[in-house]
Amino acid sequence: MIGWETGYDTLHTTPVFIKDSSEIQRLVWNPFCAQNLAGYLVKSPIVPRGEGSKKIGICVKGCDSRSVVALIQEKLVARDMLFIFGIPCRGVIDLRKLIPNQTGAKILSVRLTDDQVEVEHSKGLQHLAFADVLMRKCKRCRYPDPVIHDVLLGESVLPRIESHELYQDVAAIERLSLQERLAFWQTELDRCLRCYACRNACPLCVCQDRCIAETRDPKWLTQYMNLPEKFMFHFIHALHLAGRCTECGECERVCPMEIPVSLIKEELNKITKELLDFEAGLDLEGVPPLLTFSPAETGI
Amino acid sequence: MGKTDSPTEKRALTIIGFLCNWCSYGGADTAGVCRFKQPTDLRVIRVPCTGRMDPLFIARALILGADGVLVSGCHPRDCHYAVGNLYARRRLEILKRMLPFMGIHADRFHYTWVSASEGQRWQQVVTEFSEQVGGLGPNPGVTSFHTGNREEL
């Protein structure tokens, strides 16, 4: 089964692949278990199915469970080969928010209480509200409870926001003028290194070594590090996720340059919701809207 | 852009037209055969079907500084391949709504349906789109922030 274990310090958890029940005590669950494990079902290193009828066990938070549903929808993984451990989630911590960048202080230890985070670092002791150090995706979480599970571990959690507040972050950008929006993305995407970490972390970016950002034929992107190439890469990433992105926020979490890349996908999700009334990763029988059509549609 | 004597100001528009082989390409041909007067800004690329249109074709053209992109195919329910344009219209509409979020004017992109017999309609579509793009002026692409110079690409 796939879960999380304590990493090299208490602030970090790493994925763990358990094959023997004697190792089960390695598993942990805490607000540092940020990584979405769903990707391991379809991306390298792919977790193989066990011998005979053995299933793959996977631990999922609310957001991760939507990725699993999306993978099942697209027939990339079969429901009957999974055993899903659903974990209602109060949110995971954005490590970048624990300590302001400028101070350069080193975190020594962290203690969590119900709604407080006590950070002890080399320049003293700091108390932060749990709600302030959450990842951006958690602050706008609509599905803290897994939407699919075989067993549910823990108490159900209430969503943090109402559905009409879901797209406040993209709405803030929509309020800017066209020039300001272009300038915003020019400034943000200018930092992009094209390390493709966002793509690699994405559980739904399943093309792997056939990704058109890297193929020579067709050659969509060159090696030049200029803005058009960076824009193009993010268009590729976002448009290939249109109507599929489950907003697990992995792309944004792994970005070494802290570019809010998932905003682009949120905007596309907002459009698909308005235009085609579809939300990704909720219904096992659902079909992603760009993989189908309706002759009856008018007005588009 | 600024001064009127800058070279970009005098530059003719670059509009890319993606036309489906079976309807709109024929429609454009009909317009030509009938000697309808049309703007000359359009560079036509023939595609087998609008279902072949990857929204990234359009994104790439606009990112690199094409002033406008026009996509035209068979009328819905009239597709040579039965359903290609039904897939296409979802993709194209989503792209059209997403472009302004990235700072690209949505009016630089237009998609429409023109059949092979509609020479007149083709003339009207091209003329109107060309005027619409002309009204927006040259597209600096996404690089203006650094250099304002598209030649650097």
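1. The interface between the chains comes first: 27 residues of chain A are in contact with 28 residues of chain B, a contact being two residues whose C-beta atoms, placed from the backbone, lie within 7 Å. On the chain B side, helix 3 (55-63) and helix 4 (84-98) each supply at least two residues. Helix 4 of chain B gives the most, with nine residues. Helices (H or I, at least four residues) and strands (E, at least two) are DSSP runs, numbered from the N terminus. By class, this side of chain B has 16 nonpolar, five polar and seven charged residues; Ala, Val, Leu, Ile, Met, Phe, Trp, Tyr, Cys and Pro count as nonpolar, Asp, Glu, Lys and Arg as charged, and the others, Gly among them, as polar.

2. A word on the model and its numbering. This is a predicted model, in which local features need pLDDT of at least 70 and side-chain atom pairs count only at pLDDT 80 or more, while totals for chains, interfaces and linings use all residues. Residues are numbered from 1 along each chain as its sequence is written, with chains lettered from A and ligands numbered from 1 in the order in which they are written.

3. Chain A is divided into domain 1 (2-94 + 134-291) and domain 2 (95-133), with bounds that come from an automatic or database domain assignment. Their C-alpha centres lie 26 Å apart. Seven residues from domain 1 and 10 residues from domain 2 make the contact. The domain 1 side has four nonpolar, one polar and two charged residues.

4. Please look next at the sheet in chain A with strand order 6-7-8, an open sheet of three strands with antiparallel pairing; two strands pair if DSSP finds at least two bridges between them. Strand 6 and strand 8 (124-129) are its edges, each pairing on one side only. From one strand to the next, the twist averages 20°, using lines fitted to C-alpha atoms as axes (for helices over the stretch in contact) and angles from 0 to 180 degrees between N-to-C directions.

5. Within that sheet, five bridges join strand 6 (residues 107-112) of chain A to strand 7 (residues 116-121) of chain A, and a hairpin connects these two strands through three residues. Strand 7 of chain A pairs with strand 8 of chain A over six bridges. A:Glu120 of strand 7 is the bridge partner of A:Ser109, and A:Glu120 also has A:Leu125 in strand 8 as a bridge partner.

6. Which residues have the most contacts inside the largest nonpolar core? They are A:Ile58, A:Val60, A:Leu268, B:Leu62 and B:Val69, in a core of 109 residues. Such a core is a set of buried Ala, Val, Leu, Ile, Met, Phe, Trp, Tyr and Cys residues joined through C-beta atoms within 7 Å. Helix 7 (residues 227-239) of chain A brings the largest share, eight residues. Domain 1 and domain 2 of chain A both give residues to this core, so it lies between them. Among the contacts of A:Val60 are A:Leu37, A:Ile84, A:Phe85 and A:Pro146.

7. Finally, A:Val42 sits in the loop between strand 3 (27-28) and strand 4 (56-60) of chain A. A:Val42 touches A:Leu71, A:Leu76, A:Val77 and A:Val206, leaving aside residues up to four places away in sequence. The C-alpha atoms of A:Val42 and A:Leu71 are 8.3 Å apart.

Note on methods:
Buried ≥ 20, exposed ≤ 12 C-beta atoms within 10 Å, placed from the backbone.
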